[in-house]
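Dear colleague,

Please find the structure below, together with its sequence.

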Amino acid sequence: MKEISCKLLVIGAGPGGYVCAIRAGQLGVDTVIVEVAKPGGTCLNVGCIPSKALIHAAEEFDKVVHMAGGKDPLGIRIGEPALDLTKTVAWKDGIVGRLNSGVAGLLKKARVKTVHGWATFRDGKTVEVETETGTQVIRAETVVIATGSAPVELPFLPFGGPVISSTEALALSEVPKTLAVVGGGYIGLELGMAFAKMGAKVTVVEALPRVLAQYDAELTRPVLKRLGELGVEVMTNAKARGLSTQGQMGKGDALLVETADGKNGKVAADWILVTVGRKPLTEGWGLEQIDLDMAGKFIRIDDQCRTSMRGIFAIGDVTGEPMLAHRAMAQGEMVAEIAAGHKRSWDKRAIPAICFTDPELVTAGLSPDEAKALAGEIKIGQFPFAANGRAMTKQGEDGFVRVVARGDNHLVLGIQAVGQGVSELSAAFGLALEMGARLEDIAGTIHAHPTQGEGFQEAALKALGHALHI
């Protein structure tokens with residue numbers, strides 16, 4: 001049994017863990033990182049990156065399908081298009097592979113030692129790692145838990161056969177004729193819309209009264225319109241009940257549902273994609289050996305990501321919502337600097353969130369209702385992309401930018417947008433909130449023309465009562 005010692009041990013090489021390890025290595029901290037799979041975690045391997053690759057491929061295919069139909073307003077005509085999903089998936093895997101290698105290279109450059117295997121706590125300072133060459137014991141002064149999360153499995157629809165999670169959906173070899181999506185959150189709609197663009201007949205089954213329930217109805221209206229244009233059937237107030245026993249596993253099965261009026265029904269589905277959320281990975285690595293305080297199903301942390309046990313930190317999805325890669329990265333960088341002796345604490349004003357549906361959704365800071373509850377009187381400015389020249393040239397007139405600010409001093413509290421390509425505006429939104437911008441700051445900043453970013457400035461002007469282009 002091999003034994004090594006280090007100052008900092010990071011368990012999990014997802015976006016939180018590998019950023020923590022790289023930053024610690026840059027600061028000269030003797031660091032070891034343990035990962036059982038390829039570096040990058042869910043985000044890089046089966047989440048953010050591969051899903052966006054598939055979404056992009058679907059968007060491109062959808063464009064040429066419309067061009068082939070002879071109804072393209074741009075006047076472009078082409079022959080009948082075809083999609084080789086196997087080649088698409090191989091292209092997606094190539095991107096993932098390049099990024100895997102990049103992360104491994106960055107860890108090596110920062111002089112971080114990587115141990116491949118499954119780590120289990122012996123005590124608060126020691127873990128055992130089962131590697132291909134045997135058990136390795138690692139002793140550390142400080143430990144960072146970055147074990148991430150996994151898809152939630154429904155007991156009456158366990159993963160296997162035709163029932164798949166987002167991981168398997170990103171690796172299908174052919175476009176299904178019919179796809180049932182259980183769960184109308186952002187993962188389900190992102191993938192559901194992508195497969196609809198590739199030619200699948202998609203049905204979304206959502207137990208709540210509406211899809212994308214975490215967003216306000218006004219913000220999701222353009223997405224609902226687009227779902228209709230793509231032919232996606234959305235069943236709300238409907239409950240998935242299980243898998244039809246008729247048909248063969250993997251082909252031609254149906255999803256049993258209870259509809260809004262209480263009737264039983266079936267949704268034809270080659271595949272049933274279950275996207276009802278994610279759960280923190282808190283089992284299987286010896287949590288019981290260290291007995292950390294929990295906050296519900298998550299590990300409880302303070303504003304420095306310290307757990308209830310001295311010398312053990314936790315970051316990323318295992319610590320709670322929002323389960324976003326960029327939150328984990330920011331936590332990882334902070335913890336690395338704390339381990340190196342720097343004074344740091346979590347004082348972020350906003351964590352932008354993006355939903356890569358068509359059109360895209362971006363939120364940063366407080367919603368109008370949250371802002372009103374906090375500040376009382378608020379000002380709201382909203383600018384439609386129908387009045388934005390750049391959006392017109394991109395055939396993306398549906399959507400808007402909305403700015404929410406305090407009524408008394410005009411401090412911006414929240415920014416939301418829905419529209420084509422608005423994910424790229426998230427950087428401006430986050431910066432404005434982090435810098436404590438007021439409406440006058442955004443309105444007084446020259447925004448390049450022609451861009452969709454002009455909508456941000458116009459929304460601030462609208463809140464101040466003097467929008468220029470509406």
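Glutamine 457 belongs to helix H14 (residues 454–464); helices (H or I, at least four residues) and strands (E, at least two) are DSSP runs, numbered from the N terminus. With a relative accessible area of 16%, glutamine 457 is buried. Buried means under 20% relative accessible area, exposed over 50%, and partly exposed in between (1.4 Å probe, protein chains only).

Please note that this is a predicted model, in which local features need pLDDT of at least 70 and side-chain atom pairs count only at pLDDT 80 or more, while totals for chains, interfaces and linings use all residues. Residues are numbered from 1 along each chain as its sequence is written, and side-chain values use heavy atoms, with hydrogens and water left out.

I turn next to the interior. A nonpolar core is a set of buried Ala, Val, Leu, Ile, Met, Phe, Trp, Tyr and Cys residues joined through side-chain atoms within 4.5 Å. The largest one has 35 residues, of which Phe195, Val202 and Leu361 touch the most other members. Helix H6 (186–197) is among the elements that give two or more residues to this core, and its share of six residues is the largest. Apart from this core lies another, of 27 residues, including Cys20 and Phe313.

The charged pairs also deserve attention. The structure holds 17 salt bridges, each being a side-chain nitrogen of Lys or Arg within 4 Å of a carboxyl oxygen of Asp or Glu. Aspartate 358 forms one with arginine 226, and their closest N and O atoms are 2.8 Å apart. Aspartate 358 lies in the loop between strands E20 (353–355) and E21 (360–365) and arginine 226 in helix H7, so this pair ties together parts that are 132 residues apart in sequence. Aspartate 358 is buried, at 17% relative accessibility, and arginine 226 is buried as well, at 16%.

Another salt bridge joins arginine 241 and glutamate 258, with 2.5 Å between the closest N and O atoms. Arginine 241 is partly exposed, at 44% relative accessibility.

Yours sincerely
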